[in-house]
Amino acid sequence: MEAVRRLQADWRYPTALLCIYGFFSTVKPLEPFLIPYLTGPDKNLTTAQVNNQIFPVWTYSYLSVLVPVFLLTDWLRYKPVVVFQCLSLFTTTAMLLWLRSVAAMQAMQFFYGVVTASEVAYFSYIYSVVDLKRYRKATSYCRSVQLLGYTAGSVLGQLLVSFQLMSYDNILVFTLVLTSIALPVACLLPMPQQSMFFHRRKSGTEGIRTHGDGTVDSTELSQGANVSLEEPREEKVEKEAGEGVDDIEVGARSCSQVLLQLWRDFYQCYSSRQLLYWSVWWAMATCGYNQTVNYVQVLWEHVQPSQNVSIYNGGVEALSNLLSAATVYGIGFVEVRWDQWGELALGGFSGLGAAALFLMTFIGNIWVCYGGYILFKCLYTLLITIAMYQIAADLTTERYALVFGVNNFGALALQTIITSVVVDSSGLGLSIIPQVRSRIRNVRVRCSADEVMVCWFFLQFTIYASYFSLIAVVFSLRGLFTVWRSDRESTAAVQNEPPDCDQHTF
């Protein structure tokens, strides 16, 4: 019994359980083939129904539950929300397997939005049960295992579909089995005694800086990052120490106290212009990325209707995940003054992403589409990692969690607007390809087979590519201004240096 207590008290125990849960909950072999499944004989839905009526529900659901789930996660101390996420994931998969109507698939998308919003519990749990010095290692394990789960699911799905080892329905049954393994693991997680906001422990670690993924390191990041919140460290520590909580107090705080503290931290964080610029890019780029990833299978399905283009979807997803991970790993070895060159990098690489989307849209070749998608995903992963590190450079863990949540909420708000206007059937209801001619006939302009490429200008992915082009132009101009101003300040500083007095004249 004593050995069991020692095992449960060790940091490896909750970390191992969370890694096991993260792996089995992210292995989704059918996900790369969701569009062929929904539009095939199993569900017999049309592409227009999937694109304009079913998929938009996820965006609305995610936005509506994000804030309540964020607050409930902290109030309930993470574990109950992790268990609830697993139950919601099981419900989503079961509805996808056994139900068929459009209304049922919309309900399935609602539950999947709840699953996505609950991911905050997975990423926050580890910080409440692991010592400060173990944050980096524990976070590395959890994120690596989750990436492994996504990759394994994509590879497994590709093999099962390519060699016809399982039908789509049997793949979903297999996914239910994996989720059933994850559920008891989630129930075995130790219950945390504290949380970031409602059940807060004040200690000397409040002023330590955090990594972009939320891990804390008081030395490395302070040397490598150059972003400041324009707030003196002494003033920040004094403000945080004056919140009325003793250094060793652990206890629940009221909702009004938490909301007031969140508002103060929000105002202080976004008073920094540099943090604000990076956060604006974060929100805008994440919005465009989510829209692209959500609807890219529809584009693949119609680029070359004469070919079974979905047969390589799983391999492409797996390859994009691996290359994205390699890109993120490699950027850690690059020494760049991101405070000077970062905004220009955001603009330049966003422009490359826009070019990849334009190629995917206007060149009717599935391999170009696959290659453009991999390039686009790698570029976004690279830039969002840089943005996370820069924003987190001078933030406490609590403030970083707030900024992370606000930026993602802003991305979802933008995504909801784009979805309601561009995708939803109650708005423009633009399709990816097949309904273009019927829409153009309504304005008495006929589109022949040779003119289909020109007609695509009115379609979703042209809008997404133009959206990233706008981001590229804005941040490239801002980056050029930042570089010019930095060079000007450096030149002025050199000119104002006092002359060297070591030389003597006689």
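Reader: Which residues in α4 meet residues in α6?

Author: Contact means heavy atoms within 4.5 Å. On the α4 side, the residues are Q49, Q53, I54, F55, V57, W58, S61, Y62, V65, L66 and V69. They meet V102, M105, Q106, Q109, F110, Y112, G113, V114, T116 and A117 in α6. Ala, Val, Leu, Ile, Met, Phe, Trp, Tyr, Cys and Pro count as nonpolar, Asp, Glu, Lys and Arg as charged, and the others, Gly among them, as polar.

Author: A note on the source. This is a predicted model, in which local features need pLDDT of at least 70, side-chain atom pairs count only at pLDDT 80 or more, and totals for chains, interfaces and linings use all residues. Residues are numbered from 1 along each chain as its sequence is written, and side-chain values use heavy atoms, with hydrogens and water left out.

Reader: At what angle do helix α4 and helix α6 pack?

Author: Two packed helices are described by the angle between their axes and the distance between the axes. The axes are lines fitted to C-alpha atoms, for helices over the stretch in contact, and angles run from 0 to 180 degrees between N-to-C directions. Here α4 (residues 47-75) and α6 (residues 102-117) pack at about 35°, with their axes 7 Å apart. Their crossing is right-handed. A crossing is right-handed if the near helix is turned clockwise from the far one by less than a right angle, and left-handed if anticlockwise.

Reader: How many helices and strands does the chain have?

Author: Helices (H or I, at least four residues) and strands (E, at least two) are DSSP runs, numbered from the N terminus. The chain has 20 helices and 2 strands.

Reader: At what angle do α14 and α16 pack?

Author: Helix α14 (residues 313-331) and helix α16 (residues 366-391) make an angle of about 30°, with axes 9 Å apart. The crossing of α14 and α16 is right-handed. From α14, residues including N313, V316, E317 and L319 take part, and from α16, Y370, Y373, I374 and K377 are among them. The contact of α14 with α16 has 11 nonpolar, 7 polar and 2 charged residues.

Reader: What share of the residues in the chain is buried?

Author: Buried means under 20% relative accessible area, exposed over 50%, and partly exposed in between (1.4 Å probe, protein chains only). Buried residues make up 51% of the 506 residues. Accessible areas come from the Shrake-Rupley method with a 1.4 Å probe, and for residues only the protein chains shown count as cover. The accessible surface of the chain is about 23,800 Å², of which 63% belongs to carbon and sulfur atoms.

Reader: Is N407 buried or exposed?

Author: N407, in helix α17 (residues 397-423), is buried, with a relative accessible area of 3%. Its side chain is joined to that of S279 by a polar contact of 3.3 Å. A polar contact is a pair of N or O atoms within 3.5 Å; within protein, one must be able to donate a hydrogen and the other to accept it, and residues adjacent in sequence count only if both atoms are side-chain atoms. Beyond neighbours within four places in sequence, N407 is in contact with Y270, S279, W282, A283 and I391.

Reader: Which residues does Q297 touch?

Author: Not counting residues up to four places away in sequence, Q297 touches E31, P32, F33, L34, I35, P36 and N313. Q297 is in helix α13 (residues 273-303) and is buried, at 10% relative accessible area.

Reader: Where does R100 lie?

Author: R100 is in the loop between α5 (79-98) and α6. R100 is partly exposed, with a relative accessible area of 48%. R100 and D42 are 58 residues apart in sequence and 8.4 Å apart in space, C-alpha to C-alpha.

Reader: What is the phi of N44?

Author: N44 has a positive phi of about 60° although it is not a glycine. N44 sits in the loop between α3 (34-39) and α4 and is exposed, at 62% relative accessible area.
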